[in-house]
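I opened this entry to record what I looked up in the model. The notes follow the order in which I checked things.

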Amino acid sequence: HRFHPRVIPLLDRLAAMLRILDRPVEIEGHTDGQGTPAANWRLSARRAQAVVRFLEEAGRLKTEMLAAAGYGSTRPIQTSGDESVMRRNRRVEVVVY
């Protein structure tokens, strides 16, 4: 997976913070409501897995501390047909336990 160049420094900082925390983390992938539920689930899972791979490689984080989960469009930030809202629903979230 190729990340946008602006995202790489954020992921590097995230890896550094997670190394310090040394706590279990779930990387959640989300999509907007366009497309089929199955396609959205696969896309969201791939997004989360790509971030987990980056964190494992770049941050040298313990694999057992990282989990990836795809939620498709089941957890929208907002529900509206507006493009700016749909863009916000296409995201990856980090949950630290």
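**Loop, helix pair, core**

I started with Gly 33 and listed its contacts, leaving aside neighbours within four places in sequence: they are Asn 40 and Ser 73. I note that I am working on a predicted model.

I then looked up where Gly 33 sits, and found it in the loop between E1 and H2. Is Gly 33 buried or exposed? Its relative accessible area is 60%, over the 50% cut-off, so I logged Gly 33 as exposed. I also took the distance to Ser 73: the two C-alpha atoms are 5.3 Å apart in space, while the residues are 40 apart in sequence.

Next I went to Thr 31, which is also placed in the loop between E1 and H2. Its relative accessible area is 3%. The cut-off for buried is under 20%, so I logged Thr 31 as buried, at 3%.

Which residues does Thr 31 touch, not counting those up to four places away in sequence? I got Asn 40, Leu 43, Ser 44, Arg 47, Gly 72, Ser 73, Asn 89 and Arg 90. For Ser 73 I looked at the atoms: its backbone nitrogen lies 3.3 Å from a polar atom of the Thr 31 side chain.

I turned to the helix pair H1 and H2. Their axes come within 10 Å and cross at roughly 65°. I recorded the crossing as right-handed. From H1, the contact is made by Ile 8, Leu 11, Asp 12, Leu 14, Ala 15, Leu 18 and Arg 19. From H2, I listed Val 51, Phe 54, Leu 55 and Ala 58. Sorted by class, the contact has nine nonpolar residues, two charged and no polar ones.

Last, I checked the largest nonpolar core, which has 13 residues. Which of them touch the most other members? They are Leu 18, Ile 27, Leu 55 and Leu 66. The elements that give two or more residues to this core are helix H1 (7-21), strand E1 (25-30) and helix H2 (37-58). H2 gives the most, with five residues. Leu 18 and Leu 55 were already in my notes, from the contact of H1 with H2.

Leaving aside neighbours within four places in sequence, I found Ile 27 in contact with Ala 48, Val 51, Val 52, Leu 55, Ala 67, Ala 68, Ala 69, Val 92, Glu 93 and Val 94.

How values were computed. Residues numbered from 1 in each chain as written. Predicted model: local features only at pLDDT ≥ 70, side-chain atom pairs only at ≥ 80, totals over all residues. Heavy atoms only, no water. Core = buried A, V, L, I, M, F, W, Y, C linked by side-chain atoms within 4.5 Å. Buried < 20%, exposed > 50% of the residue type's maximum accessible area, 1.4 Å probe, protein only. Helix = DSSP H or I, 4+ residues; strand = E, 2+ residues; numbered from the N terminus. Contact = heavy atoms within 4.5 Å. Axes fitted to C-alpha atoms, helices over the stretch in contact; angles between N-to-C directions. Left-handed = near helix turned anticlockwise from the far one by under 90°. Nonpolar A, V, L, I, M, F, W, Y, C, P; charged D, E, K, R; others polar. Polar contact = N/O pair within 3.5 Å; in protein donor to acceptor, adjacent residues only side chain to side chain.
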